[in-house]
Amino acid sequence: MPDIKLVISDLDGTLLDGNSQFPTEFWPLLEQMRQRGVLFAPASGRQYANLLGHFGPSKDMPFIAENGAYVVQNEQTISLTELNPNTVRATLDALENVNSDFGLVFCGAKMAYCSRTDEPFLAQVRKYYAALEIVDDLRSVDAPLIKVAGYDFDDAEANLGPALEPLRAHDQVVISGKNWVDIMDSRVNKGLAVRALQKALGISPQQTAVFGDFLNDLEMMSEATYSYAVANADPRVKAAANYQAPANTEHGVITVIKQLLGL
């Protein structure tokens with residue numbers, strides 16, 4: 001049986017079910033993991049405050065938030081990578097003339113900011129950002145940022161991707177869902193966050209299991225011996241993973257964790 005000490009999972013499309021809910025059997029499994037000394041870490045594009053809202057300030061639980069830009073455990077920062085203000089300005093400039101129904105979210109470690117006030121947009125943003133401040137003009141935000149997130153009501157990769165392509169030369173531009181694109185420092189991805197967490201905890205890749213489904217999960221597939229793409233994952237993630245788990249709608253992450261731990 002593998003000597004698993006750390007389980008890291010993406011949420012949306014991976015651990016969460018088809019209704020974007022935690023399967024009810026996850027919570028007793030989490031308690032069993034705690035009793036065995038196995039750490040669970042959510043790894044998500046979601047804001048840290050959003051993750052805390054789901055898991056609470058769980059003792060010793062690490063969090064990989066904002067697609068790896070912020071890694072924290074017991075309110076102690078393991079890694080935090082800020083976004084260069086020049087990149088923020090370049091993002092705004094690049095998208096200024098895009099003819100699409102989209103909006104932006106400026107993401108700090110503790111607070112997110114947006115300027116669109118229509119309810120359809122805010123309904124999407126509030127799913128992932130619990131601490132949210134509405135501002136008149138995003139260019140007036142002077143707080144340190146770790147990510148800029150763009151939500152396109154149609155297709156983020158098709159509509160926003162081409163305009164953001166020049167930023168890829170110096171920054172991380174990642175499609176994190178059909179409707180979301182994230183702009184981060186070039187040193188940020190979930191894979192590097194997993195590596196930083198492993199180093200902080202003294203846990204090896206051979207003692208780590210990771211689960212993901214979309215392109216923002218791609219890099220972490222190479223950071224664990226037990227890397228799993230769920231059956232509904234993007235083909236590129238499946239190709240990078242060592243193993244495949246059943247789909248999120250079949251609670252595949254839970255099934256595999258139980259198998260790995262002999263439960």
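This is a predicted model: local features need pLDDT of at least 70, side-chain atom pairs count only at pLDDT 80 or more; totals for chains, interfaces and linings use all residues.
**Entry 1: domains**

I began with the domain assignment, which gives domain 1 (6–80 + 188–261) and domain 2 (85–185). I looked up the distance between the centres of domain 1 and domain 2, taken over C-alpha atoms, and found 24 Å. I then checked the contacts, where 19 residues of domain 1 touch 23 residues of domain 2.

**Entry 2: the largest pocket**

I turned to the pockets. The largest pocket has a volume of about 500 Å³. I found 23 residues in its lining, and D12, Y128, S176, G177 and W180 are the closest to its centre.

I sorted the lining of the largest pocket by class and got five nonpolar, 10 polar and eight charged residues. Which domains does the lining draw on? I found at least three residues from each of domain 1 and domain 2.

**Entry 3: the second largest pocket**

I noted a volume of about 260 Å³ for the second largest pocket. Its lining has 14 residues, and those nearest its centre are P85, V88, R89, V141 and L145. Helix α4 (residues 85–95) gives the most to this lining, with four residues. By class, I recorded 10 nonpolar and four charged residues in the lining of the second largest pocket, with no polar ones.

**Entry 4: the cavity**

I found one cavity of 30 Å³ or more, and the volume of the largest cavity is about 50 Å³. The residues lining the largest cavity are N67, Q172, V174, M184, V188, N189, K190, N216 and E219. I classed them as three nonpolar, four polar and two charged.

**Entry 5: helix α3**

I took helix α3 (residues 48–55) and listed its buried residues, which are Y48, N50, L51 and F55. They cover an arc of only 160 degrees around the axis, so they sit on the same side of α3. I kept the general rule beside this: an α-helix has 3.6 residues a turn, so residues three or four places apart point the same way.

What covers the buried residues of α3? I found helices α1 (11–15), α2 (26–35) and α5 (119–126) among the covering elements. Strands β2 (39–42), β3 (62–65) and β4 (70–73) are also included. After α3 comes G56, and I read its phi as positive, near 75 degrees.

**Entry 6: P23**

I finished with P23, which is in the loop between α1 and α2. Is P23 buried or exposed? Its relative accessibility is 2%, and buried means under 20%, so P23 counts as buried.

I listed the contacts of P23, leaving aside its neighbours within four places in sequence, and they are L15, L16, D17, H251 and I254. I also looked up E250, which is 227 residues from P23 along the chain. The C-alpha atoms of P23 and E250 are separated by 9.7 Å.

Key: Residues are numbered from 1 along each chain as its sequence is written. Side-chain values use heavy atoms; hydrogens and water are left out. On a 1 Å grid over the protein atoms alone, a cavity is a set of points where a 1.4 Å probe fits but cannot get out, and a pocket is an open set with protein on both sides within 12 Å along at least five of seven lines; lining residues have an atom within 4 Å of a point. Grid points are joined across faces, edges and corners, and a volume is the space filled by probe spheres set on the points. Ala, Val, Leu, Ile, Met, Phe, Trp, Tyr, Cys and Pro count as nonpolar, Asp, Glu, Lys and Arg as charged, and the others, Gly among them, as polar. Buried means under 20% relative accessible area, exposed over 50%, partly exposed in between (1.4 Å probe, protein chains only). Helices (H or I, at least four residues) and strands (E, at least two) are DSSP runs, numbered from the N terminus. The arc is that of the directions from the helix axis to the C-beta atoms. Contact means heavy atoms within 4.5 Å. Domain bounds come from an automatic or database domain assignment.
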